[in-house]
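Colleague: I'd like to learn how to read cores and sheets in a model. Could you walk me through one?

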Amino acid sequence: MQHAFEKIWPVLIVEVLTAVIIIWRIVSAQRGKELFIRRIPGLNAIDEAIGRATEMGRPVLMVPGIGGFSIIALQALSIFSYIARSTAKFGNRILMPVADPTVYTVAEEVIRDAYQAEGHPERFEADSIRFLSDRQFAFASGVAGLIQREQIASSFMFGEFFAESLIFAETGNMVGAIQVAGTVHTTQIPFFIAACDYTIIGDEYYAASAYISRNPTMLGSLVGQDFGKLLIASLCVIGSVAATLAALEVPVLGTASQWFINLFTIR
Amino acid sequence: MFEPIARFFSAKPPEVLPYYVAGAVLFSILMIFVLINLPSRARKPLIALVTFLAGLFYATEFFFPIDRATNKNFLTDYLVPASKLGSLLGGMTLTLGILSLLRVHGRNIARLRAGWYNSVALLVAMVSMVTFGLMDKYGANDGAKKVFNVLFEGMLINMDATMFSLIAFYIVSASYRAFRIRSIEATILMVTAFLVMLGQVPVGNALTDWLPQDGTFASLRVENIKQWILSQVNAAALRAIAFGLGVGGLAISLRIWLSLERGAYFEKEI
Amino acid sequence: MATTPGTSAPRDIWDRLQAIDRRVLYVLLLVVIILPLFVPIRLPMVTMPSTQKLYQAVESIPEGGYVIVSTTWSGGTRAENMPQTEAILRHLMKRRLRVAVFSFDQQGSQFSYNIASRVARDFGYEYGKDWVHWGFRPVAGVVMKSLVRDIPGTFTTDRDGKPTKDMPVMQGIKDIKDVDAIVEIAASGIYMDWIGLVVGANPKLKFGFCPTAVMAPETYPYMDSGQIVGIMEGMRGAAEYEQLVNTVGLATKGMGSISLAHVLIMLLIIVGNVGYIVTRARRS
């Protein structure tokens, strides 16, 4: 590729195969196939957290991380759209500090739409969605200040988080907020687990919108994802067996195994 | 095929540049006007088409075989203009972001809300940084350069470092609170954390320094146990999570690329 | 759920052990970090395999080889990334390799120039002949893709705007195939971009990564696959590297503080658990 790999075709084949499986499951789901999705406690806790904010009469904080406009940010906005519908219904005050200007403009639209969809456009305050700074620690200090000053009741952190994750989570903990967090950056997961009440781990993050909305397209895509993971897991098992056979120099099988290993060796 | 387009977007001589800029502005205004007034049933396929073509460009550029002599394919040269287009969009939205800041903090000051002086500090800092930054870059005033140096190296960098160092304090309070041996799993987690922490620092290494460097018993040295936990147990879990995230990312990208995602983010009709 | 401060006051000593005021914890941490900076604590240090591999990779580059050092970090992570940058540059210059430094971060560019200038003076390196600084380069993906094909075309000028074309340090360097190693010192996950866009384009290229300690575990799978030749993990990695290149730098001096901070955390966890176990035993 561009062109890092000399052997791009095996990667392309696996990627296309996974894509076909995902699309096939989406089409099946759209045709009305019933799909099961396991319980994700962190997502179930969203309503509990909003309810708590309603009881306490304190704001709900939503942080879409510090990443740019990407699928990760879109996924976060999808979850926040659901949260905003609930807060519109119960009349909670929301705060949504944003670090990326592009995410900010889309976020404003998404939250405004959520309020409109609930029939309470008048409850939407434009100032609740705020661009703070695109510098990591300037943003971190801004969010920490908001948490302290506004004494938030619930905090939702979904998106791309780096070193600032613990600053948000621990400051939220200081003011006694109930906190739900999820990120694709595995190094930040331990910090969230230590300081938050619920944490979404790994690809649960991408399952969130399907879990919340129960939209057939998303549910189908989620099941397709699992099939994709199964495909990769199978390749891992086959690879392990092949590596063993190649190392043992088993006649014929060993050569075939070596061919398979070479297919996926990029260095 | 793309040659005329590339020629159109190439750098222009100064004498014709204003005409191109004026043309681009007029074209943008016209496009926005057309898009706003387009009926919903025409707008949807248009957005879907643009999204699909944009995705197709990057995917084709990535996978299409390259010419060995030039190390690129027929689309590679358009990556930079495409990225510049992204930067332009980012620049435009930054203006909206700054307007948001001015609106929120301007109101705080105008209505003398609690902590309004913090808003004053923010706006003064923002204006100073921009002004002295521009003077440092384009001006010849030594005084301005010195002020910018104080603002940037003397203040901003150190405030960044201060915020980052806060994490050390928060790690102490979070780990003290979180590591309770409430269950078998929590106990395993805590023991593992202890081993990794001990293996990470010389004081931990000193504990098992009496064990031989090589041989069977060397595996019991705390730094080797830590290395084993990180490179075998932890790395395996990280790989599994990475696979899941990769496939999840692919699924969402597909849904967006093929416009299967409509209605997920914007509740109203686009 | 997180408890609201002040809603449940601890009753006895065992309860108190579980709920030490966080301000006390912070003061304790401050003391154990500051103290060793005035009263140095030197303890034996074992080099981790990841650091050793990076060192060996640099050692295996032939004299006069070409190394690109990218410093994608800013003031926030200076404590970890600065000693890493200095340690790797010391090694590269000690080995008389040609060095090109640049950064995808504006602050990182300034920091790395200062560090490289200082180390270059120590080793008698001449700017333009033995080393060059390409300055701050935004939009990482585009720069990476471009440097694979054309290095002089990607970095036409140095950080001061001087043309690089005629600099002796750039002679014979056309594309990524002429580069022996790339070392990225970063506070972010930028290593994925290097692996995806650059590393595979030259099978002989050695890619070393120097992340902050918190980022290191997620890079292990890529060291196993050979896409990263070695990792210098945070300040600890930098201290080990300093030991390997026989120098006492910031990282070595800071290891006492880090050791004591780790011990403090473990002690606090033990104290909290003692309180918890006793309370639970009483209740049951």
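Modeller: We'll take the nonpolar core and then an open sheet. This is a predicted model, where local features need pLDDT of at least 70, side-chain atom pairs count only at pLDDT 80 or more, and totals for chains, interfaces and linings use all residues. Residues are numbered from 1 along each chain as its sequence is written, chains are lettered from A and ligands numbered from 1 in the order in which they are written, and side-chain values use heavy atoms, leaving out hydrogens and water.

Colleague: Which residues touch the most other members of the largest nonpolar core?

Modeller: A nonpolar core is a set of buried Ala, Val, Leu, Ile, Met, Phe, Trp, Tyr and Cys residues joined through side-chain atoms within 4.5 Å; buried means under 20% relative accessible area (1.4 Å probe, protein chains only). Here the largest has 54 residues, and A:Val63, A:Val143, A:Met157, A:Ile167 and A:Phe168 touch the most other members.

Colleague: What is A:Ile167 in contact with, beyond its neighbours within four places in sequence?

Modeller: Contact means heavy atoms within 4.5 Å. A:Ile167 has A:Phe137, A:Ala140, A:Ala144, B:Met163, B:Ile167 and B:Tyr170.

Colleague: And the sheet: what is the strand order in chain C?

Modeller: Strands (E, at least two residues) are DSSP runs, numbered from the N terminus, and two pair if DSSP finds at least two bridges between them. The order in this open sheet is β3-β2-β1-β4-β5-β6 (chain C), with parallel pairing. Because β3 (131–136) and β6 (230–231) of chain C each have a single partner strand, one side of each lacks a neighbour in the sheet.

Colleague: How many bridges join β2 of chain C to β3(C)?

Modeller: Five, with β2 covering residues 98–103. As an example, C:Ser103 has C:Phe136 of β3(C) as its bridge partner.

How values were computed. Buried < 20%, exposed > 50% of the residue type's maximum accessible area, 1.4 Å probe, protein only. Helix = DSSP H or I, 4+ residues; strand = E, 2+ residues; numbered from the N terminus.
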